Amino acid sequence: MRSEVERSMHLVLNKSEAFTEDQAHINLHDSRYTSLVSECTALAGNRPFKPLFGVKMIELNQPVLYGMSLGSGGFTIERCGAPLNPDGKYNETANLFLSRVLDDIGAIPCRKESELEEGQSLATVCEEDGPTKAQILNSTNFTFTAGKTPSRSERQPALRIETDTNYKLVKFIDPTAGSEGQDEDTITESFINKLGVGDRQVTYQPLYFTAFARADKRVDNFGGEGQGGPLNGAFFQNITSSNVRFVIDGSGSMSACLMWGDGYGSWRTFYDPNQGRYRDTRRICALTRMESLISEMTMILEQLPNNTKVGLTAFSSGGYKNNKEWSESSSGLVRLGDEGKRNSAIQFVNTLDDERVTKWGGTDPWNAIQKAFDDTETDTLYLMSDGQPNRDRDGGGWSSRDHEPTATFYAGENTNRQHQGTDRALIVNATSLGLESPWLEKLSELTQGYYNQIDKNSLTEGQDDVS
């Protein structure tokens, strides 16, 4: 699904707001798509098929349609569209093909009597003789309003989708946010829930997903020269090392919005890179810098080979929420293929936007960078920051005079690595987001790495957020 969304031109969907005349090609209710929806529904047979969204491919007259259906274990996501040949090209002349994409989409649990507010009673849907899963799915609404499908209630699929104003983003979000009685629940993301005998929970897995139509253009707009392939993104490219550390910016400026959605919602705090400060707004942001980074890191961690050893560190100001390290890698690199490690790494990355953005901290990367150089097992460092350091290595003010000495100092740490009994120099691949970073560019040059500057449209001359 990710690869198909990313190679598509745009989404096709239902929304409650009116489409303009020049948006008819995006409207799933348009007459040109009636036969597609009917055929997909027929292919599902006795099972329901509720369209979620379609993706329009340049090679095909009809979109590829993704919908919600039912399997033996519960809700499923299914794909309906032209089949793919072994060479990755679409077979336009073949009949539509219906295939299972993802099983065991969870269901929103019923509240207990003790969780109900005064005057409330258990919903009829949760009673023993309540509706079947098929009936619940048939009555579930997947129409987008202000860029989001509706919040979910008891026994409905634990999946909610958000898009952007250009209908190029697919993002799975908290399915119960804003729904009645669910404001204080523990659900924070869409999820998979595999059940055993008697609906007893066997496994619970958060469902993280973000993908962009025309992802190749997204990389170009961000300033990258992506070579394609699953491990080339906007932030990190050409990941081939089996002993790699990621040192990523966790500062509050990472809350800056990259992609605004439709309409207005709850008050939310963002960093404004143009003004160099935080601001509160009710305008809906479909994607922040941090959410985009989390999405890419999640994809990378999902797809790196089992034998890859990884370290993960987020840096910010000392004592702030995002100045932290994946605990599994605190004493050395961790093999992703070992039991539970891959999921643990993904869960760590997805905590980076948990706290209030004003508690994330400023930009203090020095300890994290030094640890990477001190670890002689690591041969490649991916270093990403969206701001100038708040202080230099010695705690003084940061200025342009620090650029070359700082890069030279860390490049010289490769000599120290040789003294520690290894001839493995550390390659530093650095990414600067939202500003030019001469010191990162110089550090990459001196360590035989590459420098990647992205998001050129939001270049600022100011300092990063100050803790």
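This is a predicted model: local features need pLDDT of at least 70, side-chain atom pairs count only at pLDDT 80 or more; totals for chains, interfaces and linings use all residues.
Colleague: How are the rings of Y271 and Y278 arranged as a pair?

Modeller: A search of the whole structure finds 16 aromatic pairs. In the pair of Y271 and Y278, the ring centres are 5.7 Å apart and the planes meet at 80°. Planes over 60 degrees apart count as edge-to-face, so the arrangement of Y271 and Y278 is edge-to-face.

Colleague: Is Y278 buried, partly exposed or exposed?

Modeller: Y271 has a relative accessible area of 6% and is buried. For Y278 the relative accessibility is 24%. Buried requires under 20% and exposed over 50%, so Y278 is partly exposed.

Colleague: Over which ring does the charged end of R393 sit?

Modeller: One aromatic cluster is formed by W366, F373, W398, F409, Y410 and W439. The charged end of R393 is 3.5 Å from the centre of a ring, and that ring belongs to F409.

Colleague: What is the handedness of the disulfide of C40 and C80?

Modeller: The sulfur atoms of C40 and C80 are 2.0 Å apart. The angle about its S-S bond is -90°, and the link is left-handed.

Colleague: What is the handedness of the disulfide of C257 and C285?

Modeller: A disulfide joins C257 to C285, with an S to S distance of 2.2 Å. C257 lies in strand β12 and C285 in strand β13, so the pair ties together parts 28 residues apart in sequence. The torsion about the S-S bond is about 105°, so the disulfide of C257 and C285 is right-handed.

Methods. Residues are numbered from 1 along each chain as its sequence is written. Side-chain values use heavy atoms; hydrogens and water are left out. Rings of Phe, Tyr and Trp (its six-membered ring) pair if their centres lie within 6.5 Å; planes under 30 degrees apart count as stacked, over 60 as edge-to-face and the rest as tilted. Buried means under 20% relative accessible area, exposed over 50%, partly exposed in between (1.4 Å probe, protein chains only). A charge sits over a ring if NZ of Lys or CZ of Arg is within 6 Å of the ring centre and within 35 degrees of the ring normal. A disulfide is a pair of cysteine sulfur atoms within 2.5 Å. Helices (H or I, at least four residues) and strands (E, at least two) are DSSP runs, numbered from the N terminus.
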